[in-house]
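Please examine the sequence and the structure shown below. The paragraphs that follow lead through selected parts of the fold.

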Amino acid sequence: MFRNNSFKKNNFSILLKAARNDKKQLINNIKNIQQTATIEAIQIAAEKTPPSEDDIRGTGTITGTLKSAWARDSLVESKKRNGKYITVLANNEYYASFVNDGHRMDKHFVPGLIINPYNGLLEKAPPGMEGGIMVGTKTKYVVGKYMKEAALVKYYNSLNEQAEQLINNLELNK
C-alpha cells in the first residue's frame with residue numbers, strides 16, 4: 001500500500017495558492033490526478049505480473065489470479081482519511097511478495113505436482129493420480145519481477161506530470 005503525497009514541493013506551493021481561489025475545484029482536480037496515476041500504476045503492475053509468454057512456470061502464476069488481483073485489491077477512488085486524500089495500490093494474493101521480491105528454492109518433494117507432458121507447465125495432478133516431483137533441483141533462487149516498484153515509479157511520474165499540467169492550466173487562467 002502507498003499513500004499519494006508525492007507532489008514536488010514547488011508544485012505544491014502553486015497549488016496551495018490556487019486553493020485560495022477555488023478550493024472545491026482544486027480538490028476535485030487533485031483527486032482526479034491521484035485516481036489517474038493509480039490506474040496507470042495498476043496497469044504497469046499487471047503488465048509486469050506473470051503470466052506472460054516467456055515467464056516463470058509456477059502453478060500459482062499461470063492462472064492470471066495474481067495479475068488480476070492488482071485491479072481487484074487496489075483502491076482507485078480517492079478517499080479522505082485522517083485529513084488526507086489517498087488511493088491504494090494493493091495485491092492481497094498470499095504469494096505476491098514472493099513473485100515481486102524473489103525467493104529461494106530449497107530442494108523438496110511436492111506430492112501431487114506434475115509436469116504436463118504437452119505444454120511443460122507445472123500442474124496439480126488429476127484426482128486419483130499419484131506421484132509428485134522434486135523441485136528446487138535446478139533453480140536455487142527465483143529472481144523477483146518487481147511489479148510493485150515499477151508501478152510506484154509510474155505512479156509518481158504520472159502524478160507529477162499531471163500536477164505540472166494542472167499548474168500550467170492554473171497559470172494560464174490567472
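The crossing of α2 and α5 is right-handed, a crossing being right-handed if the near helix is turned clockwise from the far one by less than a right angle, and left-handed if anticlockwise. Helices are DSSP runs of H or I with at least four residues, strands are runs of E with at least two, and both are numbered from the N terminus. The model is predicted: local features need pLDDT of at least 70 and side-chain atom pairs count only at pLDDT 80 or more, while totals for chains, interfaces and linings use all residues. Residues are numbered from 1 along each chain as its sequence is written, and side-chain values use heavy atoms, with hydrogens and water left out.

The axes of α2 and α5 come within 8 Å and cross at roughly 150°; axes are lines fitted to C-alpha atoms, for helices over the stretch in contact, and angles run from 0 to 180 degrees between N-to-C directions. The two helices α2 and α5 are therefore roughly antiparallel to each other, a label for angles over 145 degrees.

Helix α5 comprises 26 residues (147–172), which should span 38 Å at 1.5 Å a residue; the end C-alpha atoms are 37 Å apart, in agreement. The expected span is 1.5 Å times one less than the number of residues. Among the buried residues of α5 are A151, Y155 and S158, where buried means under 20% relative accessible area, exposed over 50%, and partly exposed in between (1.4 Å probe, protein chains only).

On the other helix, E40 lies in α2, which covers residues 23–48. With 23% relative accessibility, E40 counts as partly exposed. Which residues does E40 contact, leaving aside its neighbours within four places in sequence? They are K154 and S158, contact meaning heavy atoms within 4.5 Å. The side chains of E40 and S158 make a polar contact at 2.7 Å, that is, a pair of N or O atoms within 3.5 Å; within protein, one must be able to donate a hydrogen and the other to accept it, and residues adjacent in sequence count only if both atoms are side-chain atoms. The C-alpha atoms of E40 and A151 are separated by 7.8 Å, although these residues are 111 residues apart along the chain.

S78, in strand β1 (residues 75–81), counts as buried at 5% relative accessibility. Its side chain makes a polar contact with the side chain of Q34 (2.5 Å).

Technical notes. Angles under 35 degrees count as roughly parallel, over 145 as roughly antiparallel, 65 to 115 as roughly perpendicular and the rest as oblique.
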